[in-house]
Amino acid sequence: MLSQTLKSALIAPILLSAALAAHADNKAIAIDEMEAYLEFAEYGGGVIFAEQIPADGWSKFMVIDARDAGQFAKSRIPGAINMDWRRVLSRRNEIPKDKPVLIYCNTGSLSAQAGFALRVAGWENLRILQGGMEEWRAKGGFEAATRANAPAKH
């Protein structure tokens, strides 16, 4: 009869091989899903500029601040909830599919990654704030649309 140590030594490589095969299958599935997404994605990847949202339009969005908790505590777009960009998929049950969702970070790069992950996962109602919080502030925050549409001063 084989000892327990010998049995474990014989079984471990089999389990490892099965786990690696499953990982390879999952990776291939993920790549196929991303490829399919990229084939139908519109140019711009669902970005929106601050000046495209009227001051009274912000309340229609669920606004997600994708920065870390420390940055969120210091400043945020009023009404935003904090959801670190690395956690959007693990917290996806908190993100509606039947209401517009806006996601931002400081400059737009991390929120774009989070937005890509959510779009691959099936969120079609998602927009990424172009330029992030920095550009939102520079353009006038909630008043960006009003400023952009104001008559030129001569």
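Mentor: Begin with the contacts of one residue in this predicted model. Beyond its neighbours within four places in sequence, Ser-111 touches Ala-66, Ile-103, Tyr-104, Cys-105 and Ile-128.

Trainee: Is Ser-111 buried or exposed?

Mentor: Ser-111 belongs to helix 3, which spans residues 109-120. Buried means under 20% relative accessible area. The relative accessible area of Ser-111 is 0%, so Ser-111 is buried.

Trainee: Which residues of strand 2 are buried on each side?

Mentor: In a regular strand, side chains alternate between the two faces of the sheet. Strand 2 covers residues 62-65, and both of its faces are covered. The buried residues are Met-62 and Ile-64 on one side, and on the other Val-63 and Asp-65.

Trainee: Which residue in strand 4 is the bridge partner of Val-63?

Mentor: Strand 4, residues 101-104, pairs with strand 2 in the parallel sense, with four bridges between them. Within strand 4, the partner of Val-63 is Leu-102.

Trainee: What is the bridge partner of Ile-64 in strand 3?

Mentor: Strand 3, residues 81-82, runs parallel to strand 2 and is joined to it by two bridges. Strand 2, helix 2 (residues 69-74) and strand 3 form a β-α-β unit that is right-handed. In strand 3, Ile-64 has as its partner Ile-81.

Trainee: What pattern does the protein chain follow along the sequence?

Mentor: The protein chain contains five helices and five strands. Read along the sequence, their pattern is α-β-β-α-β-β-α-β-α-α.

Note on methods: Residues numbered from 1 in each chain as written. Predicted model: local features only at pLDDT ≥ 70, side-chain atom pairs only at ≥ 80, totals over all residues. Heavy atoms only, no water. Buried < 20%, exposed > 50% of the residue type's maximum accessible area, 1.4 Å probe, protein only. Contact = heavy atoms within 4.5 Å. Pairing = 2+ DSSP bridges. Right-handed = clockwise from strand over helix to strand, strands pointing away.
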